[in-house]
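This report goes through selected features of one model. The sequence and the structure come first.

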Amino acid sequence: MPVRLARTGIVHTKHKSGGIHMDKKSTIFTATHGVMTSEVGVISGELELVTTCDHDGALALSITYVGAEDWYSLPGEKYRLHDVRDHEVVHEMLVKVLERP
């Protein structure tokens, strides 16, 4: 589980060659209107969003109830960033969209 800095946590996982292989961001937020998941439909309440970006820009999106063990995916096809430096901005945008009333 990522280490949280305030409400958002950032973890950099080192590749064997010493470079960054994966970037993981985690944010806890409240979704009063609910968030659609692929596995169980709409979930709402205090949720945690985790986005993971690998060195090629492949982006994975996962969400759970805070404190729960089961993770769910957000609907959609494969996500890819053209520039891995955009990961933090995309993560924050997703949180803002998912938590708005």
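K25 sits in strand 3. In this predicted model, K25 has a relative accessible area of 4% and is therefore buried, since the cut-off for that class is under 20%. The side chain of K25 makes a polar contact of 2.9 Å with the side chain of D23.

S38 lies in the loop between strand 3 and strand 4. Its relative accessibility is 45%, so S38 is classed as partly exposed. Leaving aside residues up to four places away in sequence, S38 touches S73, L74 and P75. The C-alpha atoms of S38 and G76 are 8.4 Å apart, although 38 residues separate the two in sequence.

The two residues compare as follows.

| Residue | Place | Relative accessibility | Class |

The largest nonpolar core comprises 15 residues, and F29, V35, L47, L49, I63, L74 and L98 have the most contacts inside it. At least two residues of this core come from each of strand 3 (20-37), strand 4 (41-54), strand 5 (58-65) and helix 1 (87-99). Strand 4 gives the largest share, four residues. What does V35 touch, not counting residues up to four places away in sequence? The list is F29, G41, V42, I43, L47, I63, L74 and L98.

Helix 1 has 13 residues, which at 1.5 Å a residue should span 18 Å; the end C-alpha atoms are 18 Å apart, so the model agrees with that expectation. Which residues of helix 1 are buried? They are H87, H91, V95 and L98. Viewed down the helix axis, the buried residues of helix 1 fall within an arc of 75°, so they line one face. An α-helix has 3.6 residues a turn, so residues three or four places apart point the same way. On the face of helix 1 turned away from the buried side are the exposed residues V89, M93 and K96.

As for confidence, the mean pLDDT of the protein is 84, and 79% of its residues reach 70 or more. Residues 1-8 have pLDDT below 50, and this stretch has 20 contacts in the model beyond near neighbours in sequence. Residues 10-17 also have pLDDT below 50, with 21 contacts counted in that way. Where pLDDT is low, the predicted coordinates should not be read in detail.

Technical notes. Residues are numbered from 1 along each chain as its sequence is written. This is a predicted model: local features need pLDDT of at least 70, side-chain atom pairs count only at pLDDT 80 or more; totals for chains, interfaces and linings use all residues. Side-chain values use heavy atoms; hydrogens and water are left out. A nonpolar core is a set of buried Ala, Val, Leu, Ile, Met, Phe, Trp, Tyr and Cys residues joined through side-chain atoms within 4.5 Å. Buried means under 20% relative accessible area, exposed over 50%, partly exposed in between (1.4 Å probe, protein chains only). Contact means heavy atoms within 4.5 Å. pLDDT is the predictor's confidence in each residue, from 0 to 100. A polar contact is a pair of N or O atoms within 3.5 Å; within protein, one must be able to donate a hydrogen and the other to accept it, and residues adjacent in sequence count only if both atoms are side-chain atoms. The expected span of a helix is 1.5 Å times one less than its number of residues. The arc is that of the directions from the helix axis to the C-beta atoms.
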